[in-house]
Amino acid sequence: MTSRKMLLAESAALIDIKVNLVKNRLWVHEINKHRLSEGEFHTLFGKLKNHPVKFFEYCRMSETTFYIILEAIRSVIEKEDTNFRKAITVE
């Protein structure tokens, strides 16, 4: 009888852990909540486009090449905005 109680207690503890893991899942992680104002893309990418040499150093390709590749893969990687969150831009 004692081993049965221990087994039930362990099972209950595992269920509690699983429930807490599900409760703690985030739709958008804290780091990404401020990406529109603080993210690297929104703060740096626009400035890089004004400086072709720096753009090349950062992306390891010219802006023209970047956009050619982007258009080739856009349909595969592009996501849609939802009522719950904005999608990350393709760029």
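Here's a quick tour of a pocket, a helix pair and a salt bridge. The model is predicted, so local features need pLDDT of at least 70, side-chain atom pairs count only at pLDDT 80 or more, and totals for chains, interfaces and linings use all residues. Residues are numbered from 1 along each chain as its sequence is written, and side-chain values use heavy atoms, leaving out hydrogens and water.

**Helix 3 and helix 4**
- Helices here are DSSP runs (H or I, at least four residues), numbered from the N terminus.
- The axes of helix 3 (40-49) and helix 4 (residues 52-59) come within 7 Å and cross at roughly 135 degrees; these axes are lines fitted to C-alpha atoms over the stretch in contact, with angles running from 0 to 180 degrees between N-to-C directions.
- That makes the two helices oblique to each other, the label for angles that aren't under 35 degrees (roughly parallel), over 145 (roughly antiparallel) or 65 to 115 (roughly perpendicular).
- Where do they meet? Glu40, Leu44, Phe45, Leu48 and Lys49 in helix 3 touch Pro52, Lys54, Phe55 and Tyr58 in helix 4 (contact means heavy atoms within 4.5 Å).

**Salt bridges**
- There are four salt bridges in the structure, each a side-chain nitrogen of Lys or Arg within 4 Å of a carboxyl oxygen of Asp or Glu.
- One of them pairs Glu71 with Arg74 (2.9 Å, N to O).
- Both residues sit in helix 5 (residues 63-77), three residues apart, about one turn of the helix.
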